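Me: I would like to go through this structure with you, one part at a time. Please keep the answers plain.

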Amino acid sequence: MNSLLQYLLHSAACVAALYAVYWAFLQRDTFFMTNRIYLVSAVLLSLILPLFPWHFTFGGALAPAVVLLEPVIITPGTIAEVAQENLGWFSSLMIIYFTGVAIFLLRFIVQLVQLMLLVRRSGITRREGMKLVFVDRGYSPFSFFRYIFIREDQSADERLAAILEHEKVHIRQLHSADLVATELLTIIQWFNPFAWLLQRSVKAVHEYLADEGVLRQGVSGTDYSRLILDQTLGIQVNNLTNNFNVSLLKKRIQMITRSRSAGRARLKALFALPVLLPVVFLFSSSSGDFPSAQDNQKKKQEETMKKEQMAQEAGKNSGDVYKEVDNMPQYPGGFEALSAFLVKNIKYPEKAKKDTVTGTVVTNFIVETDGSVSHVKVVKGIGSGCDEEAVRVVSLMPKWKPGSQKDGKPVRVAFTLPIQFRLGEKKK
């Protein structure tokens, strides 16, 4: 699987798992700061965890075996025809993904520019250490980092102190930084509904924290609830701001009147661990190959290989040839580059074309500690020159990035590469 696609799927799985824990166990609690820390941590973990390789081994030392790579398909067509056929679903998927990223990134930039223009047009008024921007439109009060945006007609409102205190909580606790982080998450994972739900929950927790901060200043809960109701008709400028008015009116009033959660409720955040561990284990057990039409064939090949592995060169060096290591060998450019190299260099033998020979040549090789390829041989062949051609080109592969253990020591790793020779595969 392409490394970008693998990262996106793993990251999306993290977001979904961590948000599920929040939705099931934490969203009704009144420990708002704990919930905020949990949600922001979920954003960071979802972006960072998939970047690291996770390998789990069971039963002692690594067993000598081989890693089965995705089959490479060879046809007698030209390179251009093969490349066109291989464009397929993956390239289309990447085009759609990056189009979405571009759209939402542009949206993010437009929102920043909108705020900058609003500050420039309205000017800044400094009052008691605050940076106030008095706007002439029907916006609800909102803040963005150290700026508080207030309508001009509210400057003489006797309840202005409560409104400003609400926004000052957003500023002191750096809520805008959280919103920028969640906005970047939704740009990267615009296709993931859980990323959008997580962003909405972060904004809700921000409002609960700001409401709590106002009530701690001695403002009556009843009076403050009326103030929230009075602000419901204001316009929200964009997603990057902490608005006094959000579409969570009912929940905010419920949280104001709700009894405080018991102290032990904070421990419910630990439910994230048993949920996240299987996701991380999924990272380690994933082969990196996206499910394809050849999956069933690969399983059959693996079963055949089990019977023949003991006779392979890898088996003769059981002390230093591994199936998996902490850092697996990497072909320069990934599997797509490896496939392109083989497709470009392997020539369909004339004898095989004449005899209409098709099938899969299963080759075995070892990536040495210096990255070179050695011990190339055919495990299962089809004859008519296909076996020799497969060995010839596999032996020509450029150096890989060698595999290594945690201590950085390079090790030898065995691979099995199926190469399918097909006729009649030209694009109609």
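Me: What should helix α4 span at 1.5 Å a residue, and how far apart are its end C-alpha atoms?
Reply: This is a predicted model. Helix α4 covers residues 160-172, and its 13 residues should span 18 Å at 1.5 Å a residue.

Me: How many of the 13 residues of α4 are buried?
Reply: Helix α4 is mostly covered, with 10 of the 13 residues buried. Among them are Leu160, Ala162, Ile163, Leu164 and Val169. The buried set also includes Glu165, Glu167, His166 and His170.

Me: Let us step back to the whole chain. How many helices and strands are there?
Reply: The chain has 14 helices and 12 strands. Of its 428 residues, 46% are buried. The accessible surface comes to about 22000 Å², and carbon and sulfur atoms hold 59% of that surface.

Me: What share of the contacts with a separation of 6 or more is between residues 24 or more positions apart?
Reply: That share is 77%.

Me: What does Leu39 touch, not counting residues up to four places away in sequence?
Reply: Leu39 touches Tyr22, Leu198, Ser201, Val202 and Val205.

Me: Next, the rings. How many aromatic pairs does the count come to?
Reply: The count comes to 16 aromatic pairs. In one of these, Tyr19 and Phe194 have ring centres 6.5 Å apart and planes at 55°, so the pair is tilted.

Me: Which parts does the pair of Tyr19 and Phe194 tie together?
Reply: Tyr19 lies in helix α1 and Phe194 in helix α6, so the pair ties together parts that are 175 residues apart in sequence. Tyr19 is buried, with a relative accessible area of 8%. Phe194 is partly exposed, at 32%.

Me: What kind of aromatic pair do Tyr97 and Phe98 form?
Reply: Tyr97 and Phe98 form an edge-to-face pair, 5.2 Å centre to centre with 70° between the planes. Tyr97 is buried, with a relative accessible area of 9%, whereas Phe98 is partly exposed at 44%.

Me: Which residues do ring pairs link into a cluster?
Reply: The cluster consists of Tyr97, Phe98, Phe104, Trp190, Phe191 and Trp196.

Me: Back to α6. Which residue caps the N-terminal end of α6?
Reply: Asn192 does, with a side-chain oxygen 3.1 Å from the backbone nitrogen of Phe194. Helix α6 has 23 residues and reaches 34 Å from its first C-alpha to its last, close to the 33 Å expected at 1.5 Å a residue. Helix α6 is mostly covered, with 17 of its 23 residues buried.

Me: One last place. Is Glu350 buried or exposed?
Reply: Glu350 is exposed, with a relative accessible area of 57%. Glu350 is found in helix α13, residues 350-354. The side chains of Glu350 and Lys353 are joined by a polar contact of 3.0 Å.

Me: How far apart are Glu350 and Cys386 in sequence and in space?
Reply: They are 36 residues apart in sequence and 9.6 Å apart in space, C-alpha to C-alpha.

Technical notes
Residues are numbered from 1 along each chain as its sequence is written. This is a predicted model: local features need pLDDT of at least 70, side-chain atom pairs count only at pLDDT 80 or more; totals for chains, interfaces and linings use all residues. Side-chain values use heavy atoms; hydrogens and water are left out. Helices (H or I, at least four residues) and strands (E, at least two) are DSSP runs, numbered from the N terminus. Buried means under 20% relative accessible area, exposed over 50%, partly exposed in between (1.4 Å probe, protein chains only). Contact means heavy atoms within 4.5 Å. Accessible areas come from the Shrake-Rupley method with a 1.4 Å probe; for residues, only the protein chains shown count as cover. The expected span of a helix is 1.5 Å times one less than its number of residues. Rings of Phe, Tyr and Trp (its six-membered ring) pair if their centres lie within 6.5 Å; planes under 30 degrees apart count as stacked, over 60 as edge-to-face and the rest as tilted. A polar contact is a pair of N or O atoms within 3.5 Å; within protein, one must be able to donate a hydrogen and the other to accept it, and residues adjacent in sequence count only if both atoms are side-chain atoms.
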